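Me: I would like to learn how to read the features of a structure. Could we go through one together?

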Amino acid sequence: MALGPRFANIGPWLGQPDEVQPRCCPARQLAEAYLQSWHAHGGEPVSLQQFEREARALWLCEAGWQMDLWRENVLASQRA
């Protein structure tokens, strides 16, 4: 068992705007397919709009974390 935000496994990928992350099809279409599977496997009902809000928030968190790692690497290389 793990605790964390709902959709943490897929949110950072589907939360990215289509123009930022090229995909096989639009993020909205993938989100609809994901939610169908989510519901089929016992997940609580979630509207597409709510999923998109949560996925975007997870992507922004991931992007912020990646930027912080980049900043730390830049600072570490300057100290070396």
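Me: Is Trp38 buried, exposed or partly exposed, and how do I tell which?

Reply: Buried means under 20% relative accessible area, exposed means over 50%, and partly exposed lies in between (1.4 Å probe, protein chains only). Trp38 has 24% relative accessibility, so Trp38 counts as partly exposed. Phe7, at a relative accessible area of 3%, is buried. Do keep in mind that this is a predicted model, where local features need pLDDT of at least 70, side-chain atom pairs count only at pLDDT 80 or more, and totals for chains, interfaces and linings use all residues. Residues are numbered from 1 along each chain as its sequence is written, and side-chain values use heavy atoms, with hydrogens and water left out.

Me: How many aromatic pairs does the structure hold?

Reply: Rings of Phe, Tyr and Trp (its six-membered ring) pair if their centres lie within 6.5 Å; planes under 30 degrees apart count as stacked, over 60 as edge-to-face and the rest as tilted. Here there are five aromatic pairs. In one of them, the ring centres of Phe7 and Trp38 are 4.7 Å apart with planes at 55°, so this pair is tilted. Phe7 sits in the segment before helix H1 (11-14) and Trp38 in helix H2 (residues 27-40), so the pair links parts of the chain 31 residues apart. Ring pairs also join Phe7, Tyr34, Trp38 and Phe51 into a cluster.

Me: How many helices and strands does the chain have?

Reply: Helices (H or I, at least four residues) and strands (E, at least two) are DSSP runs, numbered from the N terminus. This chain has three helices and zero strands.
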